Amino acid sequence: MSMNITIDWTVIVGLVGMIVTLLAYFLLQAQKLHGNGLIYQLMNAVGALGVALSLLFGTFNLPAFLLEVVWLAISIYGIVVARRVRVQ
């Protein structure tokens with residue numbers, strides 16, 4: 001079986017999104033970031049957005065796209081909640 005992989009902007013954006021998401025998780029596990037911290041939430045949001053864009057404009061996969069949209073929504077929720085806590 002042969003795989004033909006074309007590297008275009010959608011693949012690059014998706015790879016960057018994946019790396020940012022995994023880096024956020026690694027830094028959380030290494031106790032360098034807090035799970036409710038703004039940086040962690042932003043990294044998750046940027047990562048999910050990157051992967052979602054790669055799926056939307058590249059090779060579409062509905063389950064993966066829905067996962068990234070929900071991941072992005074949860075990250076945005078975390079950002080809003082963290083901001084409210086800091087304001088109070």
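Me: Is F57 buried or exposed, and what is its relative accessible area?

Reply: Residues under 20% relative accessible area are buried, those over 50% exposed, and those in between partly exposed (1.4 Å probe, protein chains only). F57, at 52%, is therefore exposed. The model is predicted, so local features need pLDDT of at least 70 and side-chain atom pairs pLDDT 80 or more, while totals for chains, interfaces and linings use all residues. Residues are numbered from 1 along each chain as its sequence is written, and side-chain values use heavy atoms, without hydrogens or water.

Me: How many aromatic pairs are there?

Reply: Rings of Phe, Tyr and Trp (its six-membered ring) pair if their centres lie within 6.5 Å; planes under 30 degrees apart are stacked, over 60 edge-to-face, and the rest tilted. The count here is two aromatic pairs. In one, the ring centres of W9 and F57 are 5.7 Å apart and the planes meet at 45 degrees, so the pair is tilted. W9 belongs to helix 1 and F57 to helix 2, so the pair ties together parts 48 residues apart in sequence. The rings of F60 and F65 form a tilted pair too, because their centres are 5.3 Å apart and their planes are at 50 degrees.

Me: How is W9 classed, and how are F60 and F65?

Reply: W9 has a relative accessible area of 48% and is partly exposed. F60, at 44%, is also partly exposed, whereas F65 is buried at 18%.

Me: Which residues make the nonpolar surface patch?

Reply: Such a patch joins nonpolar side chains (Val, Leu, Ile, Met, Phe, Trp, Tyr) within 5 Å, from residues with over 30% relative accessible area and no salt bridge. A salt bridge puts a side-chain nitrogen of Lys or Arg within 4 Å of a carboxyl oxygen of Asp or Glu. Here W9, L49, L53, L56, F57, F60, L62 and L66 make a patch of about 790 Å². Helix 2 gives the largest share, four residues.

Me: Why does the length of helix 2 agree with its residue count?

Reply: Helices are DSSP runs (H or I, at least four residues) numbered from the N terminus, and the expected span is 1.5 Å times one less than the number of residues. Helix 2 has 20 residues (38-57) and should span 28 Å; its end C-alpha atoms are 28 Å apart, so the two agree.

Me: What do the buried residues of helix 2 pack against?

Reply: Contact means heavy atoms within 4.5 Å. The buried residues of helix 2, including Y40, M43, G47, V51 and L55, pack against helix 1 (9-29) and helix 3 (62-87).

Note on methods. Helices (H or I, at least four residues) and strands (E, at least two) are DSSP runs, numbered from the N terminus. Patches are made of residues with over 30% relative accessible area and no salt bridge: like charges are joined within 9 Å, nonpolar side chains (Val, Leu, Ile, Met, Phe, Trp, Tyr) within 5 Å. Accessible areas come from the Shrake-Rupley method with a 1.4 Å probe; for residues, only the protein chains shown count as cover.
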